[in-house]
Number of protein chains: 2
Amino acid sequence: MASLGEESEVRKRMIDAEDKGDQAVLGSEVDSDDDRLPEQNIEQRTKAIPQGTEQEPHILLTLLSPLSPRWRNWVIRGIFTWLMIGLFCLIIFVGPLALMFTTLVVQVWCFKEIINIGYSVYRMHGLPWFRSLSWWFLITSNYFFYGESLVADYFSVIFSKSEIMRWLIAYHRFTSFTMYIIGFVWFVLSLKKKYYMRQFSLFAWTHVALLIVVTQSYLIIINIFHGMIWFIVPVSMIVINDVMAYMFGFFFGKTPLIQLSPKKTWEGFIGGGISTLFLGMLLSYAMCQYPFFVCPVEYSESEDIFNYSCDPSPIFRPQEYNLPETMGNVFALLGWKRTITMYPFVLHSIALSLFSSVIGPFGGFFASGFKRAFKIKDFGDVIPGHGGMMDRFDCQYLMATFVNVYIMTFISETSPQKLLQKVYMLKPEQQLQLYNMLQDSLIARGILQP
Amino acid sequence: MASLGEESEVRKRMIDAEDKGDQAVLGSEVDSDDDRLPEQNIEQRTKAIPQGTEQEPHILLTLLSPLSPRWRNWVIRGIFTWLMIGLFCLIIFVGPLALMFTTLVVQVWCFKEIINIGYSVYRMHGLPWFRSLSWWFLITSNYFFYGESLVADYFSVIFSKSEIMRWLIAYHRFTSFTMYIIGFVWFVLSLKKKYYMRQFSLFAWTHVALLIVVTQSYLIIINIFHGMIWFIVPVSMIVINDVMAYMFGFFFGKTPLIQLSPKKTWEGFIGGGISTLFLGMLLSYAMCQYPFFVCPVEYSESEDIFNYSCDPSPIFRPQEYNLPETMGNVFALLGWKRTITMYPFVLHSIALSLFSSVIGPFGGFFASGFKRAFKIKDFGDVIPGHGGMMDRFDCQYLMATFVNVYIMTFISETSPQKLLQKVYMLKPEQQLQLYNMLQDSLIARGILQP
């Protein structure tokens with residue numbers, strides 16, 4: 001039995017806790033047992049998660065030892081910012097496949113970070129099977145999403161050459177579902193009375209992580225297939241907006257923007273937005289010149305390589321636009337043309353930069369709210385001075401969906417070639433049937449001469 | 001300050017709790033404040049959730065008052081079982097649209113039950129905006145899923161007649177994404193420091209509920225479109241398996257099956273499985289006779305109604321199968337034919353009944369594990385004697401996905417008609433281009449004479 005002094009201490013903390021909301025520290029002292037319910041003390045539980053801003057490479061630390069810790073951190077952060085930008089350019093230079101592979105690596109890393117927080121919060125120690133289960137679900141959903149559309153739509157030419165691959169494509173959904181069912185049954189069988197609640201919570205946690213990480217990286221890869229420009233411009237916009245909002249905030253920031261991120265200001269938000277708009281248009285203009293960036297990634301069967309050259313789609317070809325009436329009059333007075341020549345993509349970039357500067361930051365607010373909820377500073381420590389992968393990619397996630405939806409709604413058109421691929425998957429007699437029906441319809445509409 | 005006696009009581013309970021795993025009751029006494037972290041005492045929090053087996057209609061109670069409570073419950077459960085079966089038959093009789101509407105209603109109800117548990121667990125009282133947000137996400141995801149495929153694939157004939165509808169279809173993904181973004185921003189803006197952790201937990205809870213409820217009911221509706229038989233047979237199999245496993249367990253049950261559901265036995269599991277196999281084949285055989293059940297739901301443009309008559313697909317037409325060698329010999333000796341005539345669908349029903357009797361119960365185990373985790377007996381009280389909607393539909397959820405994947409993998413083929421619909425969405429000159437390419441290819445392969 002504990003002494004009376006200790007008891008009143010505990011009791012006092014309990015009463016204090018009543019006024020502290022999420023910060024309740026109820027029973028943190030006796031929290032040495034792992035078989036307990038979550039969240040008597042979040043801080044206690046998540047303090048073991050590695051924090052990026054604390055971890056720094058040893059060699060750099062020695063070199064920078066004359067500097068004060070604050071400056072040291074800034075220098076390191078700067079160095080790694082430029083290293084990342086350099087690496088990004090290098091990957092782009094290598095080509096779209098390298099970019100897709102990088103997306104996959106980042107995805108797996110982000111998943112690992114989110115899951116690790118879950119483990120800490122729900123005290124995974126002792127939870128049966130959970131680490132393996134999470135990875136199994138990650139493999140399953142990747143198999144499903146990548147197979148579903150990529151294999152069927154983009155790589156099918158390569159893959160349909162082999163018998164096994166053709167089988168895998170035909171039974172793709174069935175295989176994915178079977179894999180999921182294996183995970184599901186495995187989860188149910190792993191349930192242990194003592195841990196029910198934490199097991200279900202982590203099951204949910206895993207599924208939400210998959211929803212965020214796998215679907216988004218899948219969409220990013222789909223976007224890359226439409227041309228690398230659809231990846232590079234949006235990603236750069238988010239980075240530009242981050243940096244410029246920080247700069248404007250630093251020099252002119254006065255009015256706080258949102259309680260969640262006390263350092264963000266309205267001045268930074270607006271300045272960042274305007275900069276993103278103009279720099280985004282500039283970048284778009286520059287990239288529109290190069291087929292390497294604007295051509296969809298397509299496999300050339302005849303040459304057996306991926307094709308980076310093409311006849312660019314109309315949105316990447318210069319077009320003349322009429323200026324608005326009054327603006328045109330002013331231009332005419334100055335002896336200029338009433339029209340302006342531009343790539344349509346540059347106009348589309350306006351929509352992208354609006355989204356990245358208005359909605360993008362909410363991805364960041366969401367992530368910082370999440371970090372505050374679980375009392376962590378960073379998601380991990382993989383990038384010195386920056387924190388975890390998730391800390392760098394938090395705003396990118398919503399952007400990928402936006403770009404994908406934008407392409408699907410306003411840009412992409414079903415091409416006769418793609419549809420023809422589907423026609424070839426019918427039986428020969430059905431192909432003939434379709435041919436005859438199409439012929440009749442074309443003649444009836446006067447498009448084809450009988 | 002509390003008296004010393006109370007303090008030692010609290011301290012004692014804390015020490016007890018160390019050995020209790022998920023049952024920790026730390027600080028339950030001071031748990032009167034709503035701004036606390038979850039799960040010091042789950043039981044305390046979820047006890048307000050209405051429990052079906054406790055609620056019974058007043059008039060029945062009066063009529064059945066001579067019976068003991070145990071028997072009264074059985075009678076009520078029986079009455080409502082038959083009422084549900086009757087209602088189910090009535091809805092089927094009205095037709096597929098009524099069935100789809102019912103699926104939607106059940107979906108919304110299940111979502112409500114799951115969300116209500118979340119509210120109780122995380123003490124929603126005081127959480128800003130959460131109830132509205134959950135419903136907003138429910139509307140958004142329904143709008144997305146139903147629109148995505150139903151409107152585009154099945155109803156497009158009706159809807160494309162009106163200008164507004166055509167606009168809605170063209171911008172469907174964009175609208176859905178905008179709706180989601182509104183919800184997302186709304187959530188971020190509603191974050192309040194005191195509640196961060198619970199707000200994020202409920203955000204995740206809502207998304208998992210949507211994943212379970214909306215996607216499944218969407219798949220169910222897709223299945224109905226392939227013919228009502230794809231809905232009725234699987235649903236009945238789950239019910240048959242439930243009932244027969246109970247019967248076999250009741251009469252022969254000895255060997256316990258799984259710790260999660262102590263009442264389930266191996267005898268029930270196996271007896272239920274065998275009964276499901278045979279009764280499922282019988283039901284399938286019976287239903288294959290009626291076009292009303294086997295015809296895909298299609299809108300007939302000429303008659304402006306839904307079409308329930310068709311030329312049944314080959315799997316619903318009797319076919320002769322050769323018996324295995326030895327069995328054929330025995331049949332031949334008896335003077336019978338060496339072949340057997342059967343609907344191919346009856347053979348497919350074997351796969352369905354295997355899934356419903358082997359994997360289906362895991363849906364039930366999952367649900368009962370979930371209920372144990374949160375210390376509730378039922379999900380709700382909407383069906384007297386049975387509990388909530390979720391209690392009745394827990395095993396149905398996985399089944400819907402299985403049937404859908406099964407149809408997509410083994411049954412459904414792209415029809416020339418459906419593909420032609422897509423061809424007609426191209427520009428006229430592209431249609432002509434496709435026509436010419438197809439012509440060349442058909443001639444090259446010798447399918448079409450030049």
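**Exercise 1. Annotated transmembrane regions of chain A**

Task: State where UniProt places the feature "transmembrane region" in chain A, and determine the helix content over residues 127-146 and 345-367 of chain A in this predicted model.

Solution. 
1. The unreviewed UniProt entry places the feature at residues 79-106, 127-146, 166-189, 201-222, 228-253, 265-287 and 345-367 of chain A.
2. Over residues 127-146 of chain A, the chain is 85% helix and 0% strand. The end C-alpha atoms of this span are 30 Å apart.
3. Residues 345-367 of chain A are 96% helix and 0% strand, with 31 Å between the end C-alpha atoms.

**Exercise 2. Geometry of helix α10 of chain B**

Task: Compare the span of α10(B) with the expected value, and locate its bend.

Solution. 
1. Helix α10 of chain B comprises 30 residues, 196-225.
2. From first to last C-alpha the helix reaches 43 Å, close to the 44 Å expected at 1.5 Å a residue.
3. A bend of about 30° occurs in α10(B) at Leu210(B).
4. Of the 30 residues of α10(B), 28 are buried, so the helix is largely enclosed by the rest of the structure.
5. Just after α10(B), Gly227(B) adopts a positive phi of about 125°.

**Exercise 3. A hairpin in chain B**

Task: Describe how β1(B) and β2(B) pair.

Solution. 
1. Strand β1 (residues 256-258) and strand β2 (residues 261-265) of chain B pair in the antiparallel sense over two bridges.
2. Ile258(B) has Ser261(B), in β2(B), as its bridge partner.
3. With two residues between them, β1(B) and β2(B) form a hairpin.

**Exercise 4. Disulfides**

Solution. 
1. One joins Cys295(A) to Cys310(A), with an S to S distance of 1.9 Å. The value of -90° about the S-S bond makes this link left-handed.
2. Cys295(A) lies in the loop between α13 (291-294) and β1 (298-300) of chain A, and Cys310(A) in the loop between β2 (305-307) and β3 (319-322) of chain A; the pair therefore ties together parts 15 residues apart in sequence.
3. Cys295(A) is buried at 4% relative accessible area, whereas Cys310(A) is partly exposed at 30%.
4. In chain B, Cys295(B) and Cys310(B) form a disulfide with sulfur atoms 1.9 Å apart. The torsion about its S-S bond is about -90°, so this disulfide is left-handed.
5. Cys295(B) is buried at 3%, and Cys310(B) is partly exposed at 31%.
6. A disulfide requires sulfur atoms within 2.5 Å.

How values were computed. Residues numbered from 1 in each chain as written. Chains lettered and ligands numbered in written order. Predicted model: local features only at pLDDT ≥ 70, side-chain atom pairs only at ≥ 80, totals over all residues. Heavy atoms only, no water. Helix = DSSP H or I, 4+ residues; strand = E, 2+ residues; numbered from the N terminus. Expected span 1.5 Å × (residues − 1). Bend = angle between axes of the 7 residues up to and from the residue. Buried < 20%, exposed > 50% of the residue type's maximum accessible area, 1.4 Å probe, protein only. UniProt positions renumbered as here; feature names shortened; annotations may be inferred. Pairing = 2+ DSSP bridges.
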